[in-house]
Every structure is written in C-alpha cells, then in structure tokens.
Amino acid sequence: MKPTFIYSFSKCFVMDVKRIREDFPVLQNSKGIVYFDNACMSLKPRPVIQKMLEYYEQYTACVGRSNHRLGKLATEKYVEARKTIAKFVNARKEQEIVFTRNTTEGINLLANSLDLKKGDVVVSSDREHNSNLIPWQLVKERKGIEHRIVKSRTDNTFDLEAFKKSMSRQVKLVTMVWTSNIDGYTLPVREIVKTAHDFGAVVLLDGAQAVPHSKTDVRRLDVDFLAFSGHKMLGPTGTGILYGKYELLERLQPFVVGGDTVESTTYETHKFLKPPERFEAGLQDYAGIIGLGEAARYLENIGMENIESHEKALNKTISQRLLEIPNLQFVGVQASELRGGIISFNLKGMKYHDVSLMLDRNHGILIRSGQHCAHSWFNSHGIEGSARASLYLYNTQEEAELFAEAVKKISKLGK
Ligand SMILES: Cc1ncc(COP(=O)(O)O)c(C=O)c1O
C-alpha cells in the first residue's frame, strides 16, 4: 500500500486525500462526481474489494466446518478479521465481536435476547434512527416494558439533566444513537454511560454514524453494547458488528438459532456454543466479513483522528459558506463544530428532494434527501425532511467549495 500521508509545514502528518482517492474505483470510474452521501453508504477502496475477491478466487470454503486446506484457510482469514475488528474498537478479546448483517440486526438481536420484563424501562433519545426505535416499540407491545424518550433541548442538543431525571432503578437499558444521522450531532456518551451505570442499567450505543468517523474505544467508554455497520466504514454491504462485554454476551439468549450455534443436539435438547458463535447462525457472508477486516485495517492505517479532523474542517468550510445564503436553514444542531461530517439543511420555498435532484443533475453532487429513517424526529418537529450532505475521508476542500457554490446557485431559484 502506498503511503497515505504527506508531511505538512507544521511538521505533522496530514492525510494525502489525493492519494487516498486513487484507491476508490468509483471515484475513478465516475469522473466529475462529488460523493456526499456517506452517511448512507461509504465507497469501497480497492484493498477491500481485492480481499473479497481473494476469498472467492483462492479459498472459497466453509468457515469452522470443513477441515480441508481451503476450509482451514478461510477459517484463518475469518478469525483474523474478528481480531482486527476487536483491535479497531479496543475490545478486551475478539470473542466480544459478533458479526451481523448491519446495525439494525445488532439492535434487533439485543431487543430479542435481553431478559426484559413487564415494568422494566428502556430509555432512548428523541433522535433515534428507526432501527433503534421500532425494535423497542415491539418489545413494549410484546412484554409490557415502558419505552421512555428523553427530549432534547430547544437547540437540539442532548439534555443531560432531563436524561438524569428520566433514570430510575427500573431502567434496565439505555439505548441511544452515538452520532445522529439527522444532523451529525454527537451525544455526550461518556456521561450517558456513567449515569446509566450509576442506576444499574446497561447501555447500547448505535454507532452507525460514529464508529466510521472517529476513534472508538469501548473500554475507555465502558459501553456495554455497541452496534455498527460495515458498509458505512468502507466495508462490504451486508456486514455489521455487535460488540458486547463478554460477561453480558454470555447471559444473552440467542435470537436466530440453528447450524453453527451449538456444540451438540439430541432430538429433544441442544447445547449452545459460547459467544460469539452462538449468535452467528448459519453460513455467514465470509467474503464480506474478511473484506470488513480489511476496511478496518485501511481506516486504522490512515488514523481515525485524522479522518475526524478532516471531516470537521470540510464541514466548517461548507457551513461557513452556507451561512451566506439567506433562505437556507440548517436542520438540527446549528454549530458546525458539533456536527462532525454532516450538513442537513433546507432552502425556503424549495423541496429537499428537488434540491438533491438539482445537485445531482446540474452539478454532479450526490447527497440524500428525505427523513433519513428518523421519521419520529421530523414528525415531532413539524419538518417534512431535509437535504443532507455527509462527508468522508476521500472528500476534498475543492468539493466542499463546489458544493457550497452549487447550493448558492440553487437557492436563488427558491426566492
Ligand atoms: C444512526 C443510524 N442508526 C442505524 C442505522 C441503520 O444502519 P443499517 O441500515 O446499516 O442497519 C443507520 C443507517 O443509516 C443510522 O444512520
């Protein structure tokens, strides 16, 4: 792999974005596009694609089942991917990493596996993705738990005081988004985890928009469970992870069961394997998971701190330029320094879908528009939706300028 850093005048390494862009075939094949839809799906670098191809071309076989040479090689690579992911989030051991299909599946696994009973309380924020809302609504319907929502402050930031007031000994789980896909705002998760633990509750974080963009240290955070998606962190589609503290995983009942989850069965009984295998039923997406390990290695090589500050710098440029547009409103938290790599906005007098279509057709800039699977937040705020640009490591200052200029042009149509 060629170096992805250049030496700056301030004598510290900065990311060589030009060099990084060469690794992404979509950027080479679709010349002239500006890809600003990273909160939905990240692009994939060549090493990840090659790693998947490697599985299909060199060791296509069952993992953990066949003891022939290809089976052994595939198993080795699969185990290696789990170790890489464990290191990526600083887990205590690789057995704390459960492979899933995405964030949604990780959350559903917990919703169906935690021992929640009538009278127990689950607490969430008011800005959850549907994937961290509907599973708890179903648990409420099925088991009679209470699902408590903590309202944000009027400036859309997290209300720590309201959260503390919502806590009691009946709260068994606090499940919250770490970084919001609505506006890129990051919740004060360390305080949230600490408060929840003071009340004896466990914490699940939805890390779909956090883990790909900043350094994750589950031990430092002391979080109990963390769900995230591979496809948003340069990995293959249909790959995800549920991290869990091992002693908590051991207490969970598996949700999907069958082959690969048991040590043995009789016609009447079964003995489950230890975590994580007991949660990974049936034949898995081996190529995808091995590719995901490569994605984590790729990100690590560049440095998560570098990626985070790069996105913040781009967001600052964009947000400052967009502030000059009189009929533009930011959606959610206003301050760019609190919004990581996401810019959610509306142009007065224009539909967000039209803004997105014009950006694509007239300027080659790809963003997302709508309610971003957070309907509850938009409905409760009386906002129909938003146009959302989301950034990643391969985006450039030049693209940031182009985007701001394009939005300025489009905004004139709405007056
Ligand atoms: C904050 C957040 N949570 C959960 C999800 C669901 O992720 P997936 O579709 O990969 O399960 C997303 C997807 O955009 C998200 O942004």
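Colleague: What is the volume of the largest pocket?

Modeller: The largest pocket has a volume of about 440 Å³, volume being the space filled by probe spheres set on grid points joined across faces, edges and corners. The model is predicted, so local features need pLDDT of at least 70 and side-chain atom pairs pLDDT 80 or more, while totals for chains, interfaces and linings use all residues. Residues are numbered from 1 along each chain as its sequence is written, and side-chain values use heavy atoms, without hydrogens or water.

Colleague: Which residues that line the largest pocket are the closest to its centre?

Modeller: Of the 24 lining residues, Thr 179, Thr 186, Glu 308, Lys 312 and Gly 340 are the closest to the centre. A pocket is an open set of points, on a 1 Å grid over the protein atoms alone, where a 1.4 Å probe fits, with protein on both sides within 12 Å along at least five of seven lines; lining residues have an atom within 4 Å of a point. Helix H12 (residues 304-322) gives the largest share of the lining, three residues. By class, the lining comprises eight nonpolar, ten polar and six charged residues. Ala, Val, Leu, Ile, Met, Phe, Trp, Tyr, Cys and Pro count as nonpolar, Asp, Glu, Lys and Arg as charged, and the others, Gly among them, as polar.

Colleague: Why is H12 called roughly parallel to H15?

Modeller: H12 and H15 pack at an angle of about 20°, with their axes 9 Å apart. That angle makes H12 roughly parallel to H15, the term being kept for angles under 35 degrees. The crossing of the two helices is right-handed. Contact (heavy atoms within 4.5 Å) involves residues including Ala 313, Leu 314 and Ile 318 of H12 and Ala 400, Phe 403 and Val 407 of H15. This contact of H12 with H15 has eight nonpolar, two polar and four charged residues.

Colleague: What makes H4 oblique to H11?

Modeller: The axes of helix H4 (residues 69-89) and helix H11 (residues 286-302) come within 8 Å and cross at roughly 40°. H4 is therefore oblique to H11. Their crossing is left-handed. Among the contact residues are Ala 81, Ile 85 and Phe 88 of H4 and Ile 289, Gly 293 and Ala 296 of H11. The contact of H4 with H11 divides into eleven nonpolar, two polar and five charged residues.

Colleague: At what angle do H13 and H15 pack?

Modeller: Helix H13 (residues 352-363) and helix H15 (residues 397-411) pack at about 115°, with axes 10 Å apart, and the crossing is right-handed. Val 355, Met 358, Leu 359 and His 363 of H13 meet Phe 403, Ala 406, Val 407, Lys 409 and Ile 410 of H15. Seven of these residues are nonpolar, one is polar and one is charged.

Colleague: Which residues does a cis peptide bond join?

Modeller: The cis bond joins Pro 275 and Pro 276, where omega is about 5°. Pro 276 lies in the loop between strand S12 (270-272) and H11.

Colleague: What is the phi of Asp 222?

Modeller: Asp 222 has a positive phi of about 60°, although it is not a glycine. Most residues other than glycine have a negative phi, and most peptide bonds are trans. Asp 222 is in the loop between helix H9 (218-221) and strand S9 (225-229).

Terms used. Axes fitted to C-alpha atoms, helices over the stretch in contact; angles between N-to-C directions. Helix = DSSP H or I, 4+ residues; strand = E, 2+ residues; numbered from the N terminus. Parallel < 35°, antiparallel > 145°, perpendicular 65-115°, else oblique. Left-handed = near helix turned anticlockwise from the far one by under 90°.
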